[in-house]
Amino acid sequence: MSDQTISSEIYYSLKDHQNEDQKNPMQKYMKNQFCFFGIKTPERNKIFKEVYNRYPKLTYEEIVEAAYLLFEKDERECQYAALSLLSKASLSPPVSSIAVYKDLLSIKPWWDTVDMISSNLCGDYFLYHRENLWPIIEKWSFSENMWVRRASIISQLRFKQRTDYELLFQTIDQLKEEKEFFIEKAIGWALREYSKTNPKLVINFIQTQNLSSLSKREALKWLKNQGSSITV
């Protein structure tokens, strides 16, 4: 069974389940950046599972090639399928997989795939290859590609107590002057998630940094919902 077969089977399974009524709303939600088959998440995941179960012994190389083939398709569900497929190998990824993730950050990029790649795939990678966290994130924070810079901020999003907050704060400090919505939003999101683990440290950081209003507002959402009266 080849990667060409699984990528084709995923594509045609999705195509067979396309929903004309849901296409336009889904495309509109994504600012008409991409076309869709019109398949919502629960049904899409069911389709993925049915196909994946027929390919229990794919090698990592086959998974990667199938992912790239799916990223070539026009319909956005195919990119979601590619990331779902990659996630099956993300808990023990080879060192080289980070190059694949970085590459995919730049192919048909928008917040939906970028955030899945960053917080899920890259996140799992850095937990497994902890020694690569600092050098890669530092390098990414200086990337010419805005989506790669966003990834440098949110790749630790699910780390909780394992967050390297010094690296997180350094990355934010590097990018805080950018007047780019997706960067400002990412800064706030990353700080908000870490505030659930270490609120005092986050509050002190926000109070001592010249963050944008959007970043501050996003960062403080959870704390304020918990009753904090913090003002910055």
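**Notebook: burial, helix packing and pockets**

I began with Ile63, which I found to be buried, with a relative accessible area of 7%; by the cut-offs I used, buried means under 20% relative accessible area, exposed over 50%, and partly exposed in between, with a 1.4 Å probe and protein chains only. Before going on I noted that this is a predicted model, in which local features need pLDDT of at least 70 and side-chain atom pairs count only at pLDDT 80 or more, while totals for chains, interfaces and linings use all residues. I also noted that residues are numbered from 1 along each chain as its sequence is written, and that side-chain values use heavy atoms, with hydrogens and water left out.

Ile63 sits in helix α4, residues 60-71; helices here are DSSP runs of H or I with at least four residues, strands are runs of E with at least two, and both are numbered from the N terminus. Setting aside residues up to four places away in sequence, I found Ile63 touching Leu58, Leu85, Leu86 and Ala89, where contact means heavy atoms within 4.5 Å. I also looked up Ile63 against Leu127, and the two are 64 residues apart in sequence and 21 Å apart in space, C-alpha to C-alpha.

Leu104 belongs to helix α6, residues 97-105, and at 1% relative accessibility it counts as buried. Apart from its neighbours within four places in sequence, Leu104 is in contact with Tyr68, Phe71, Leu83, Leu86 and Ile117.

In soluble globular proteins, nonpolar side chains tend to be buried together. I followed up Trp140, whose contacts beyond four places in sequence are Ile98, Lys102, Leu105, Cys122, Val148, Arg149, Ala151, Ser152 and Ser155.

Which residues of α12 are buried? In this helix, residues 199-208, they are Val202, Ile203, Phe205 and Ile206. They lie on the same side of α12, because they cover an arc of only 160° around the axis, the arc being that of the directions from the helix axis to the C-beta atoms. The exposed residues Lys200 and Thr208 are carried on the face of α12 turned away from its buried side. The buried residues of α12 pack against α10 (165-175), α11 and α13 (213-225).

In α10 I listed Leu167, Leu168, Phe169, Thr171, Ile172 and Leu175 as buried. The cover over these buried residues of α10 includes α8 (133-141), α9 (146-154), α11 and α12.

Arg76 is in helix α5 and counts as buried at 0% relative accessibility. Not counting residues up to four places away in sequence, Arg76 touches Phe34, Cys35, Phe36, Lys108, Pro109, Trp110, Asp112 and Thr113.

Arg192 is in helix α11 and counts as buried at 16% relative accessibility. Beyond its neighbours within four places in sequence, Arg192 is in contact with Glu218, Ala219, Lys221 and Trp222.

**Entry: the second largest pocket**

Arg192 also lines the second largest pocket, together with Trp111, Asp115, Arg150, Phe181, Phe182, Lys185, Trp189 and Glu218. On a 1 Å grid over the protein atoms alone, a pocket is an open set of points where a 1.4 Å probe fits, with protein on both sides within 12 Å along at least five of seven lines, and lining residues have an atom within 4 Å of a point. The elements that give two or more residues to this lining are α7 and α11 (181-195), and α11 gives the most, with five residues.

**Entry: the largest pocket**

How many residues line the largest pocket? I found 20, of which Thr41, Arg44, Tyr80, Asp112 and Met116 lie nearest its centre. Two or more lining residues come from each of α2 (20-29), α3 (41-52), α5 (76-87) and α7 (111-128), and α7 gives the most, with five residues.
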